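Welcome to a short tour of a two-chain model. Take a moment to look over the sequence and the structure below, and then we will walk through them together.

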Amino acid sequence: MIWWMWLTAVLVALLLLAGAILGTQARRRGGGAIVVRRGRRGGRGGMR
Amino acid sequence: MSTLMLVADLTKRPVVTLGGEAVAQIKDTVFDAAGGQITGFTLAGRGLLSGPLKQSLPWSGVHALGPDAVMIPAVEVLQARDAVVDKGEAGSGQVRGARVLSDAGLELGTVLDAVVEGGTSGRVAGFHVATTEAMGRHERRAFLPAHGRLAMTGDTLVIPARLAERAVDDLAAADLRKGTER
């Protein structure tokens, strides 16, 4: 392969890697609602 | 002033100190089934590459749960993640997807999300559910009021049959605040 083909392949690989990392981190930052069966530290009411 | 909000809308909401510093964003909202009350939040970092944090925000450290940010007095109120929820509970206690049963044993639907009261209340006011034929509204979405103490695990939410009759389609029209008073 000529040099620019190697360069293109490396750039594509880097873009795919960056996309995978960003996607994974975005998914890890996502959340939802979790129910626990007992009261934990924190108790009722907000700090006034 | 308190407003009703979906837990899904809380996710990614910034956690800001009264000094104006955004220190984290909300990841999970954790609530106690026995009290029907938010007990705290797990947190994620604010940056593009950041993931979940090892710190959490207990409800006692919340100054106000607002429509655009969760306000805290200072960063010192953040605690270790286990103070709010441990790994086992986080894995088994996911509310989304839990089935809704009436106390008469009728399957009413599936939980899509929880509705909480903002401000300084933090009360779980109700649930957004995908209904079944049993509610005469197959595969429609409705809001059900909560009633204080919740009979709930990660798998199943049990509600009094009378509450199913008070389901409404629109959160703005929902009279969920009165759910615990009757």
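This is a predicted model: local features need pLDDT of at least 70, side-chain atom pairs count only at pLDDT 80 or more; totals for chains, interfaces and linings use all residues.

Helices (H or I, at least four residues) and strands (E, at least two) are DSSP runs, numbered from the N terminus. By that rule, the secondary structure of chain A comes to 1 helix and 1 strand. Chain B has 3 helices and 14 strands.

Residues are numbered from 1 along each chain as its sequence is written, while chains are lettered from A and ligands numbered from 1 in the order in which they are written.

**Chain A**

Helix 1 of chain A covers residues 3-29, which is 27 residues. From its first C-alpha to its last, helix 1 of chain A reaches 39 Å, close to the 39 Å expected at 1.5 Å a residue (the expected span is 1.5 Å times one less than the number of residues). A residue is called buried if 20 or more other C-beta atoms lie within 10 Å of its own, exposed if 12 or fewer, and partly exposed in between, with C-beta atoms placed from the backbone. Is helix 1 of chain A enclosed, or does it lie largely in the open? The number buried is 1 of its 27 residues, so helix 1 of chain A lies largely in the open. For chain A as a whole, buried residues make up 17% of the 48 residues.

**Chain B as a whole**

In chain B, 42% of the 182 residues are buried. Its C-alpha atoms fill a box of roughly 50 × 35 × 30 Å along the principal axes.

The domain assignment, automatic or from a database, gives chain B domain 1 (4-91) and domain 2 (99-180). Their centres, taken over C-alpha atoms, are separated by 23 Å. Two residues are in contact if their C-beta atoms, placed from the backbone, lie within 7 Å. On that basis, 17 residues of domain 1 of chain B are in contact with 21 residues of domain 2 of chain B. The largest share of the domain 1 side, 3 residues, comes from strand 1 of chain B.

Strand 10 of chain B is largely enclosed by the rest of the structure, because 8 of its 11 residues are buried. Two strands pair if DSSP finds at least two bridges between them. The table lists pairings of strand 10 of chain B.

| Partner in chain B | Sense | Bridges |
|---|---|---|
| Strand 1 | antiparallel | 3 bridges |
| Strand 9 | antiparallel | 3 bridges |
| Strand 11 | antiparallel | 7 bridges |

Individual residues show how these strands line up. B:Leu4 has B:Glu117 of strand 10 as its bridge partner, and B:Arg99 stands opposite B:Thr110 in strand 10. In strand 11 of chain B, the bridge partner of B:Ala114 is B:Phe127.

Strands 9 and 10 of chain B form a hairpin with 4 residues between them, where B:Gly105 in the turn has a positive phi of about 85 degrees. In the hairpin of strands 10 and 11 of chain B, there are 6 residues between the strands, and B:Gly119 takes a positive phi near 75 degrees.

Strand 9 of chain B also pairs with strand 14 of chain B, in the parallel sense over 4 bridges. Strand 14 of chain B has a covered face, B:Leu157 and B:Ile159, and an uncovered one, B:Thr156 and B:Val158.

**Where the chains meet**

How many residues does each chain bring to the contact? Chain B supplies 45 residues and chain A supplies 23 residues. Strand 3 of chain B gives the most to the chain B side, with 7 residues. That side has 22 nonpolar, 17 polar and 6 charged residues, where Ala, Val, Leu, Ile, Met, Phe, Trp, Tyr, Cys and Pro count as nonpolar, Asp, Glu, Lys and Arg as charged, and the others, Gly among them, as polar.

The chains are also linked by strand pairing: strand 1 (residues 33-36) of chain A runs parallel to strand 3 of chain B, and 4 bridges join them. In this pairing, A:Ile34 has B:Val30 as its bridge partner.
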